[in-house]
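Thanks for coming. I will talk about how the chains of this structure meet. Please have the sequence and the structure open.

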2 protein chains.
Amino acid sequence: MPEAIAGSPTCPVPQFSYEQVVLGHGSGGRLTHNLIERLFLPAFANATLERLEDQAIVRLDGHAIDSGVGRIAFTTDAFVVRPLFFPGGDIGRLAVHGTVNDLAVGGAIPQFISAAFILEEGLAIDDLRRIVESMRIACRESGVQLVTGDTKVVERGKADQVFITTSGIGSVPAGRSLSIANARPGDRVIVSGTIGDHGIAIMSVREGLEFDTVLESDTASLVDLVRVMLDACAAIRCLRDPTRGGVAGTLNELAAASDVAVRLDETSLPIRPAVKAACELLGLDPLHVANEGKLVAVVPPEDAQRLLAVMRQHPQGREAAIIGTIEREPRKLVTMKSWIGGERVVAMLSGEMLPRIC
Amino acid sequence: MPEAIAGSPTCPVPQFSYEQVVLGHGSGGRLTHNLIERLFLPAFANATLERLEDQAIVRLDGHAIDSGVGRIAFTTDAFVVRPLFFPGGDIGRLAVHGTVNDLAVGGAIPQFISAAFILEEGLAIDDLRRIVESMRIACRESGVQLVTGDTKVVERGKADQVFITTSGIGSVPAGRSLSIANARPGDRVIVSGTIGDHGIAIMSVREGLEFDTVLESDTASLVDLVRVMLDACAAIRCLRDPTRGGVAGTLNELAAASDVAVRLDETSLPIRPAVKAACELLGLDPLHVANEGKLVAVVPPEDAQRLLAVMRQHPQGREAAIIGTIEREPRKLVTMKSWIGGERVVAMLSGEMLPRIC
């Protein structure tokens, strides 16, 4: 079965007699097995998953294990985005990218992921199939195997269609140590591309906003970009993907953890005009808006221009820009020089402006 | 902070100004940080979690890595049990035990877990605190550290109080290979104690059934029992924890994967009288009812009695019993000789009798 299916462009599913999820699909009995065998296994075809044990037993490749150091990166994320399908992606794509990106920005080589589905009774099987197909493609793009999973079903009205929690593991090459606590005065802050695209794409759909251009989520795997960056510049202090809470959230965490100031320059922020317009319309600060395919890097000043050039060669980094510097004071604060020359504090998001963005 | 708190019997939480979960607790901004710093960090105090990176970087101990083999067990489970609190446990305890048990029955030494919370707006913070405290204790009992997590909040009516997805990793000692595909004719099937306790405890609460004795969930860590069993008997073919789908589900999977028959003897099944009575009342087969602190072992016949004696010495295995044998035919079927001497097929659960049991 896996041979024929793994290479095909879409995911043909043997006859599956349900059109909607029923409670029995979460029973652990026959219907759960049907769902696994007819929907999940064909999509994620790999020998580990097919063993159908309660746990995946895997080997991590790479320097970490070979050198006996054995450092492993481990992460988890729950995805509750609404709507499930949006311009540029869907919850499945997001769930794979979110987890592999969290591994990659830790300097790890993502290798295996798990997926736990919480399904609402009545979910269209076709929607689940589309989501699983997106996950299959996202796994392939990211170079990871989905090796273990779980499915639960709750009664109608007790969840919202589907929630997905992905976890991931990867090996960390010896000597690699990226951390939000590593930033030092003088370092430069680089962002890998335009900010706010994901959050605004979701909000536009929800609010029914229309623009001349379709606003698309930037959901993407950062695995390859990170690999290229670390190959080019071993001195990178820190990488982070500014998802929920946006660039402002990431930089505030960094300022606090490194006990430094972050000073941004508004004119250098890469923002699509349509995203800027939507933010003004919705009263949002683009620095607070979620990104799902961007990263923030902090690098020593002498490496910044060279790294930037390398990033701009990569499809995921074409619009990379240096957006600020690390300074000594005012400690633990992020500030921004505005385009008219004033300076303001960029606080962490308070309250919630964009619920269920990821 | 962690020093003082880690050793204390309960989990004192600094002033936390909310009594209920609000959407902002899932924003990735200030409120999310409050929740993490005041509720999650004090409970799970460990250096990896406190780094607050997007991923945990850990080292696995043990033979696996030392010998350069580097086999890792990886598992995930979503928990949606209703009600959240039940006799013998709660969703937090269940979420930790479920994941460490899945690692343990794979022959792994569980070491690290993650937790992703999906919270419904309006959840009482006190309920969340109780759940987290249970998880803290369960982690300690199981010898694992919770090193990474995620929190999402959805609007009122879009989830049911709290769902928790835990994932876990552990190292697999060299040479260890347990699998449901390993059973051979002649092997004995052992269960570690009374069956059906968890499912019936949950159903009794939901249905308002009253018995002379309180029916308690058996939710427990199997980590130490498994360690003792594998130390005593390296020839164990397979271990499984018969959760959703019950012992019948586990044995049907085993019969299919090993291409053998499983023949049970009804008179040997350890079942509490109250559980038996409740099953009759509710029209349930105890073999289909979920267990959360029991395991099924398949062992070569010459080791069965010795292993049984070892198990009975252990607090988690005092009521262990040999409940059946592996035979050649009828392949892929589980049958049971009833107490009156007849023989019936024990099928996998069809449909769903016990929704949201875990």
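One definition to start with: two strands are said to pair if DSSP finds at least two bridges between them. This is a predicted model, so keep that in mind throughout.

With that definition, look at strand E1 of chain A, residues 56–59. E1(A) pairs with strand E2 of chain B, residues 71–79, in the antiparallel sense, over four bridges.

Chain A superposes on chain B by a rotation of 180 degrees, with 0.0 Å of shift along the axis and an RMSD of 0.0 Å. That is the relation of a two-fold axis. In chain A, A:Ala159 has the C-alpha nearest the axis, 2.0 Å from it. Both copies use the same surface: 100% of the contact residues of chain A recur in chain B.

How much area do chain A and chain B bury between them? About 6,400 Å², with 55% of it on carbon and sulfur atoms. A:Asp54, A:Phe74 and A:Arg244 supply 12% of what chain A buries against chain B, more than any other three residues. In terms of contacts, 79 residues of chain A touch 79 residues of chain B.

Next, the polar side of the interface. The rule finds 10 salt bridges across it. One example joins A:Glu53 to B:Arg240, with the closest N and O atoms 3.6 Å apart. There are also 40 residue pairs in polar contact across the interface. On the side of chain A that touches chain B, the residues divide into 35 nonpolar, 24 polar and 20 charged.

Definitions and conventions
Residues are numbered from 1 along each chain as its sequence is written. Chains are lettered from A and ligands numbered from 1 in the order in which they are written. This is a predicted model: local features need pLDDT of at least 70, side-chain atom pairs count only at pLDDT 80 or more; totals for chains, interfaces and linings use all residues. Side-chain values use heavy atoms; hydrogens and water are left out. Copies are superposed by least squares on the C-alpha atoms of residues with pLDDT of at least 70 in both. Contact means heavy atoms within 4.5 Å. Buried area is the accessible area (1.4 Å probe) that two parts lose on being put together, summed over both. A salt bridge is a side-chain nitrogen of Lys or Arg within 4 Å of a carboxyl oxygen of Asp or Glu. A polar contact is a pair of N or O atoms within 3.5 Å; within protein, one must be able to donate a hydrogen and the other to accept it, and residues adjacent in sequence count only if both atoms are side-chain atoms. Helices (H or I, at least four residues) and strands (E, at least two) are DSSP runs, numbered from the N terminus. Ala, Val, Leu, Ile, Met, Phe, Trp, Tyr, Cys and Pro count as nonpolar, Asp, Glu, Lys and Arg as charged, and the others, Gly among them, as polar.
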